[in-house]
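Subject: Structure handover

Hello,

Here is the structure I promised to pass on. Please open it alongside this email, and then read my notes below.

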Amino acid sequence: MTHDVPSFSNPVRQRPAGARSESADGVHSADGNAPAGRGADPATARQAATVAAKAASATPMIELIDFGKRYGEFTAVERLNLKINKGELFGFIGPNGAGKSTTIRFLATLLKATHGEGVINGHSVTRDPLGVRRCVGYMPDNFGVYDGMRVWEFLDFFAVAYRIPRARRKQVIGDVLELLDLTHKRDDFVNGLSRGMKQRLCLAKTLVHDPPLLVLDEPSSGLDPRARLEFKALMKELRRMGKTILVSSHILSELADICTSVGIIERGQLLMHGPMEDVYRRIRRNRHIEIKFVDQMELGLRVIRSNPATRDVQVDGMRAMVELDGSDEVVADLLDELTRQRVRMRSFADKDPTLEDVFMLVTKGLVS
Ligand SMILES: Nc1ncnc2c1ncn2[C@@H]1O[C@H](COP(=O)(O)OP(=O)(O)OP(=O)(O)O)[C@@H](O)[C@H]1O
Ligand SMILES: [Mg+2]
């Protein structure tokens with residue numbers, strides 16, 4: 001394993017892009033591509049980098065095979081099968097008690113499976129936990145108590161645990177503090193930090209051994225809206241630096257715009273998972289179109305009501321919310337017809353379902 005010091009860039013402070021990160025397997029540049037060799041032709045290097053990125057993204061970082069966990073008689077997670085490719089930002093979503101932390105703790109090698117297996121970056125979770133630990137930065141859902149420990153000591157403690165050589169530790173700690181905007185807190189006691197700062201410190205700790213995978217258990221819980229936004233920016237930046245990230249949450253809107261893929265779990269069962277667009281597509285049978293009229297509204301409403309795909313129309317002033325049952329073609333046909341009839345509209349908007357909509361439909365068993 002390499003311990004080359006990553007040069008991080010801090011999204012919170014809007015530092016320039018282009019930071020490079022050497023991961024545990026030593027191959028990442030800012031966008032997750034393999035670095036170009038010195039003096040290489042830029043176009044060829046770009047091509048090679050694209051090929052390398054595609055190859056990397058097709059390889060799984062996490063595989064769960066029939067993972068299950070029982071606590072006594074109680075089944076917390078049942079036969080969970082999941083594959084998450086390198087470079088993904090995977091949102092693990094489910095209500096309280098769904099089994100998110102149980103699964104995450106297994107991936108972090110802190111919990112024994114009742115059955116099944118996990119493979120992380122090619123290492124078996126059950127047979128090669130040390131190999132797995134080198135690849136994983138784990139952020140637990142609670143911070144723990146660190147009496148009398150200063151911020152730099154906290155990070156040094158983990159750096160020692162990860163066997164980072166003494167000569168490198170100072171630099172690594174400086175870098176992660178900088179990335180997480182905690183440099184000014186370096187000598188403060190950990191227990192005196194605000195919740196938001198503790199969360200950032202905890203994220204800093206996952207980075208000291210520069211693992212290719214981050215597993216974050218509700219990293220933004222209890223944070224104020226600004227701190228949440230900062231956390232999102234950090235996750236995006238870390239992904240840009242080449243990290244694969246699994247992040248759990250039950251605040252769905254928090255993940256909707258940053259995740260590349262998502263898994264929905266309830267009562268220990270993975271109800272749905274896949275790339276974000278696929279998950280949205282699967283629930284887009286009922287479309288909600290918002291139409292704002294300029295004039296000719298009566299004619300417009302007649303056109304809408306006579307459309308066989310129309311299921312419901314709610315009118316509010318010069319605005320109508322239309323529920324349609326159908327595909328993109330059905331939506332396009334309705335727009336065509338309104339235009340053909342010269343109904344003048346200020347806007348015609350296909351309202352994408354939110355992650356909350358997906359979650360409610362999936363957990364109610366309405367979509368599978
Ligand atoms: N050590 C344990 N002993 C007994 N039952 C447990 C233990 N840990 C978890 N459970 C149970 O397993 C189920 C899943 O818990 P888990 O912590 O994985 O849920 P979660 O999805 O992380 O929930 P939350 O959103 O509240 O963090 C819950 O019903 C919980 O009570
Ligand atoms: Mg949990």
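The notes below cover helix packing, the ligand site and one further helix.

One caution before the findings: this is a predicted model.

**Helix 4 and helix 5**

Two packed helices are described by the angle between their axes and the distance between the axes. Start with helix 4, residues 151-161, and helix 5, residues 166-179. Their axes come within 10 Å and cross at roughly 125°. On the helix 4 side, the contact is made by Trp152, Leu155, Asp156 and Ala159. Helix 5 brings Arg169, Val172, Ile173 and Val176. By class, this contact has six nonpolar residues, two charged ones and no polar ones.

**Helix 4 and helix 6**

Helix 4 also packs with helix 6, residues 195-207. Here the axes come within 9 Å, and the crossing angle is roughly 30°. Angles under 35 degrees count as roughly parallel, so helix 4 is roughly parallel to helix 6. This crossing is right-handed. Val151, Phe154, Leu155 and Phe158 of helix 4 meet Leu201, Ala204 and Lys205 of helix 6. The contact holds six nonpolar residues and one charged residue, with no polar ones. Look at Leu155: this residue of helix 4 meets helix 5 and also takes part in the contact with helix 6.

**Ligand 1**

Next, the ligand. Ligand 1 is surrounded by 13 residues. The closest are Tyr71, Ala76, Asn96, Ser101 and Thr102. Which element supplies the largest share of the shell? Helix 2 does, with three residues. Strand 2 (74-85) and helix 2 (100-107) each give at least two residues to the shell. Sorted by class, the shell has seven polar, four nonpolar and two charged residues.

**Helix 11**

Last, helix 11. This helix runs over residues 328-340 and has 13 residues. From first C-alpha to last, helix 11 reaches 18 Å. That is close to the 18 Å expected at 1.5 Å a residue. Arg342 follows helix 11, and its phi is positive, near 60°.

Best wishes

Key. Residues are numbered from 1 along each chain as its sequence is written. Chains are lettered from A and ligands numbered from 1 in the order in which they are written. This is a predicted model: local features need pLDDT of at least 70, side-chain atom pairs count only at pLDDT 80 or more; totals for chains, interfaces and linings use all residues. Axes are lines fitted to C-alpha atoms, for helices over the stretch in contact, and angles run from 0 to 180 degrees between N-to-C directions. Helices (H or I, at least four residues) and strands (E, at least two) are DSSP runs, numbered from the N terminus. Two residues are in contact if their C-beta atoms, placed from the backbone, lie within 7 Å. Ala, Val, Leu, Ile, Met, Phe, Trp, Tyr, Cys and Pro count as nonpolar, Asp, Glu, Lys and Arg as charged, and the others, Gly among them, as polar. A residue is near a molecule or strand if its C-beta atom, placed from the backbone, lies within 6 Å of it. The expected span of a helix is 1.5 Å times one less than its number of residues. Angles under 35 degrees count as roughly parallel, over 145 as roughly antiparallel, 65 to 115 as roughly perpendicular and the rest as oblique. A crossing is left-handed if the near helix is turned anticlockwise from the far one by less than a right angle, and right-handed if clockwise.
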